[in-house]
Amino acid sequence: MAFPRPRPARPELPRQRVQTLQCGQGAVRAARFNADGNYCLTCGSDKTLKLWNPHKGTALRTYQGHGYEVLDAAGSFDNSQICSGGADKAVALWDVTTGQVVRKYRGHAGKVNCVQFNEEATVIVSGSIDSTVRCWDCRSRRPDPIQVLDEAKDGISSVKLSAHEILTGSVDGRVRRYDLRAGQLYSDYIGSPITSVCFSKDGQCVLAASLDSTLRLLDKDTGELLGEYTGHRSTTYRLDCVLNELDTHVGCASEDGHVYFWDLVEGSLALSLPVGQGVVQSLAFHPRLPCLLVATQGQVTLWREDAFQPE
């Protein structure tokens, strides 16, 4: 007879603060892990980008070249390049080692809220308050975008990419998914301005945060509402939502200085993490570990699971 398999251990959530980075960049607008989670980027209201090893708490490099606040950044898959977008309406491509701007893309008519590389880091996709998503070719010298997606009726707050899809969240209350293989646009109406969107790790679901203080989990293909998560406060600011590394919990920043996590299936509140006094500006979850980056005011904190032993 076969023995029943042991129940998998309950996934750990990050509960203990293990590092605090005093960024010295004014307000930190975004904190982002790189592709393997060993490093992170912080975007400052003082026009700078910084590269860190958050696990050791060390600053590695400062990047200067934006004319105004930096609002988002992303690293390429091989860690050789960074893309960033800012309130100066520009998208910048950086060389990580030299710290220089390789190219600047201008074409947005308003501040650039979000940037992402495609998988090969050959294209940068940027979303702006001007209601458009623009795709820029990193390899060519041409100054204009290779594609402009202008279906949104209001500002783009969030952009995410999968192998063949572009996912956008807009202030017009819609989550749009562009299937580049099929040449199709799918749109789901939430009703409240969207602040952040992300794919689940298995690629089956889409998580969307909006200004009615609700997180929603949608079936990617049908748009069916699979779950709603409430308890945090989100009415004014553009706050990030995340899924943990195992897709078992969904998380969201909150305007009350906490980060909240809910059980994805049950919808029950699993963790309320007191981070600081002010609004939690940005969140990033490690790609493989129960490890969370949280930006509040001028600092970024790194959180790990209870069992984690700092070196």
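Leaving aside neighbours within four places in sequence, which residues is Val294 in contact with? Val294 is in contact (heavy atoms within 4.5 Å) with Val259, Val275, Val280, Ser282, Leu283, Gln299, Val300, Thr301 and Trp303.

Before going further, a word on the model. The structure is predicted, so local features need pLDDT of at least 70 and side-chain atom pairs count only at pLDDT 80 or more, while totals for chains, interfaces and linings use all residues. Residues are numbered from 1 along each chain as its sequence is written, and side-chain values use heavy atoms, with hydrogens and water left out.

## The core around Val294

Val294 is also one of the residues that touch the most other members of the largest nonpolar core, together with Val259, Phe261, Leu283 and Leu292. That core has 16 residues. A nonpolar core here is a set of buried Ala, Val, Leu, Ile, Met, Phe, Trp, Tyr and Cys residues joined through side-chain atoms within 4.5 Å. Buried means under 20% relative accessible area, exposed means over 50%, and partly exposed lies in between, using a 1.4 Å probe and protein chains only. Two or more core residues come from each of E24, strand E25 (269–274), strand E26 (280–285) and strand E27 (291–296). E26 gives the most, with three residues. Strands (E, at least two residues) and helices (H or I, at least four) are DSSP runs numbered from the N terminus. As background, nonpolar side chains tend to be buried together in soluble globular proteins.

Gln281 also lies in strand E26. Its relative accessible area is 18%, so Gln281 counts as buried. Beyond its neighbours within four places in sequence, Gln281 is in contact with Val28, Arg29, Arg238, Asp240, Ala295, Thr296 and Gln297.

## Aromatic pairs

Five aromatic pairs turn up in a search of the whole structure. Rings of Phe, Tyr and Trp (its six-membered ring) pair if their centres lie within 6.5 Å; planes under 30 degrees apart count as stacked, over 60 as edge-to-face and the rest as tilted. Two of the pairs are set out here.

| Pair | Centre to centre | Angle between planes | Arrangement |
|---|---|---|---|
| Tyr63 and Trp94 | 5.7 Å | 70° | edge-to-face |
| Tyr229 and Trp262 | 6.1 Å | 45° | tilted |

Tyr63 in strand E5 (residues 58–64) and Trp94 in strand E8 (residues 90–95) are 31 residues apart, so their pair links distant parts of the chain. Both Tyr63 and Trp94 are buried. Tyr229 sits in strand E21 (residues 225–230) and Trp262 in strand E24 (residues 258–263), so this pair ties together parts that are 33 residues apart in sequence. Tyr229 and Trp262 are buried too. Ring pairs also join Tyr229, Tyr260 and Trp262 into a cluster.

Which order do the strands of the open sheet formed by E14, E15, E16 and E17 follow? The order is E14-E15-E16-E17, with antiparallel pairing. Two strands pair if DSSP finds at least two bridges between them. Strand E14 (156–161) and strand E17 (184–189) are the edges, each pairing on one side only.

Strand E15 (residues 165–170) and E16 share five antiparallel bridges, and Ile166 stands opposite Tyr178 in E16. Their hairpin has three residues between the strands, and Gly173 takes a positive phi near 85° there. Six bridges then join strand E16 (residues 174–179) to E17, again antiparallel. Across this pairing, Arg177 stands opposite Tyr186, and Asp179 has Gln184 as its bridge partner. The E16 and E17 hairpin has four residues between the strands, with Gly183 in the turn at a positive phi of about 65°. E16 is mostly covered, with five of its six residues buried.

## A buried alanine

Ala209 is found in strand E19 (residues 205–210). With 1% relative accessibility, Ala209 counts as buried.
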